[in-house]
Amino acid sequence: MRRRVMHRFANPARFLRIAKPLTPWLLWLGIALTLGACLWGVFFTPTERLMGDTVKIIFVHVPAAWLGMGGWTGIAIASIVQLVWRHPLAGVSARAIAVPGATFAAICLITGSIWGRPTWGTWWVWDGRLTSMLVLFFLYLGYIALSNASSEKGDTSRVAAVFGIIGAVNIPIINRSVIWWESQHQKASITLGGSSIDQAYLVPLFVSVAGFSLLFGALVLMRMRTALAEMRIEARMRRMADY
Amino acid sequence: MPHAPFIIASFVVTGVGISWLVISSYLAMRRAEASADELRQQP
């Protein structure tokens, strides 16, 4: 049943019928929620006792970190689907996730570094959390280079898919790094069991995460549509060359 | 140490990064879909 549902969406034409009207909704709703949450977070949340006003960086740093990690999780799942079930859209979606994922990982690293200077007194420390996040950013760069090289050669980027699955090993390392090693970075504030963050910050933070996630979804759909259009152009050119 | 420059810098980096990504992805999509439609209409 699950397999039948999955293969129903394997048809690019069917996918485009859903993606085309969905893209502007995700984009505009994402922009509205993100801007609203950032304005709420910056102007209407109180100053934190220990971190002062720098706590407001949380509204961009945390969503960027979650999406940087979530993006690679998406690449790994899509790569498994591509290799095991040969779903034609899985490889396209994995490649579409890579650049937004790398950008969000970079935003997480830069905003974290900016937050570290007034809070820790340093821009950077080579501890488990920061280093594993930097490794994730380099993994994204490697994946982008591999998938670009594969598509130039015209194959279905199986090497990139394998790299996407192996690279997923880094995701639990990032998550557990603050527990396994001594770190300047604070322990997880939000877990499945609850949150140690005050409601005054938690609610705008969740709105911000929702907004960033919708934007991420819109970006992935736009990049998938681009890839599918380029594939249509290539197929058409090949047919024209054959005549 | 004043905190405002750090907060402003964080939001500017995020805004510039996401705006670049959204605009470049949107333009690339429009360009590719327009070219694909144009080619399809050719006999």
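Predicted model: local features only at pLDDT ≥ 70, side-chain atom pairs only at ≥ 80, totals over all residues.
**Chain A**

Chain A contains 8 helices and 2 strands. Read from the N terminus, the order of its elements is α-α-α-α-α-α-α-β-β-α. The C-alpha trace of chain A extends over about 70 × 35 × 35 Å along its principal axes. Chain A has 243 residues, and 40% of them count as buried. Among the contacts in chain A with a separation of 6 or more, 78% are between residues 24 or more positions apart.

**Packing of α3(A) on α8(A)**

The axes of α3(A) and α8(A) are 9 Å apart, and the packing angle is about 45 degrees. The crossing of α3(A) past α8(A) is right-handed. On the α3(A) side, the contact is formed by Ile58(A), Phe59(A), Val62(A), Pro63(A), Trp66(A) and Leu67(A). The residues that α8(A) brings to this contact include Tyr201(A), Pro204(A), Leu205(A), Phe212(A) and Phe216(A), as well as Ser208(A) and Ser213(A). Sorted by class, the contact of α3(A) with α8(A) comprises 12 nonpolar and 2 polar residues, with no charged residues.

**Contact between the chains**

Between the two chains, 29 residues of chain A are in contact with 23 residues of chain B. Three helices of chain A, α3 (58-85), α4 (88-120) and α8 (199-242), each supply at least two residues of the side that touches chain B. Of these residues, α8(A) gives the largest share, 11 residues. The side of chain A that touches chain B consists of 16 nonpolar, 5 polar and 8 charged residues.

Helix α8(A) also packs against α1(B): their axes come within 8 Å and cross at roughly 30 degrees. Angles under 35 degrees count as roughly parallel, which makes α8(A) roughly parallel to α1(B). The crossing of α8(A) and α1(B) is left-handed. In the contact of α8(A) with α1(B) there are 14 nonpolar, 3 polar and 7 charged residues.

**A residue of α1(B)**

Ala34(B) belongs to helix α1 (residues 4-41) of chain B. Ala34(B) has 11 C-beta neighbours inside 10 Å and so counts as exposed.

**Annotated spans**

For chain A, an unreviewed UniProt entry gives the feature "transmembrane region" at residues 21-44, 64-85, 97-116, 128-147, 159-181 and 201-222. For chain B, the UniProt annotation "transmembrane region", also from an unreviewed entry, covers residues 6-29. The table lists the computed secondary structure and the end-to-end C-alpha distance for some of these spans.

| Span | Helix and strand | Distance between end C-alpha atoms |
|---|---|---|
| Residues 64-85 of chain A | 100% helix, 0% strand | 31 Å |
| Residues 97-116 of chain A | 100% helix, 0% strand | 28 Å |
| Residues 6-29 of chain B | 100% helix, 0% strand | 35 Å |

Technical notes
Residues numbered from 1 in each chain as written. Chains lettered and ligands numbered in written order. Contact = placed C-beta atoms within 7 Å. Helix = DSSP H or I, 4+ residues; strand = E, 2+ residues; numbered from the N terminus. Nonpolar A, V, L, I, M, F, W, Y, C, P; charged D, E, K, R; others polar. Axes fitted to C-alpha atoms, helices over the stretch in contact; angles between N-to-C directions. Left-handed = near helix turned anticlockwise from the far one by under 90°. Buried ≥ 20, exposed ≤ 12 C-beta atoms within 10 Å, placed from the backbone. UniProt positions renumbered as here; feature names shortened; annotations may be inferred. Parallel < 35°, antiparallel > 145°, perpendicular 65-115°, else oblique.
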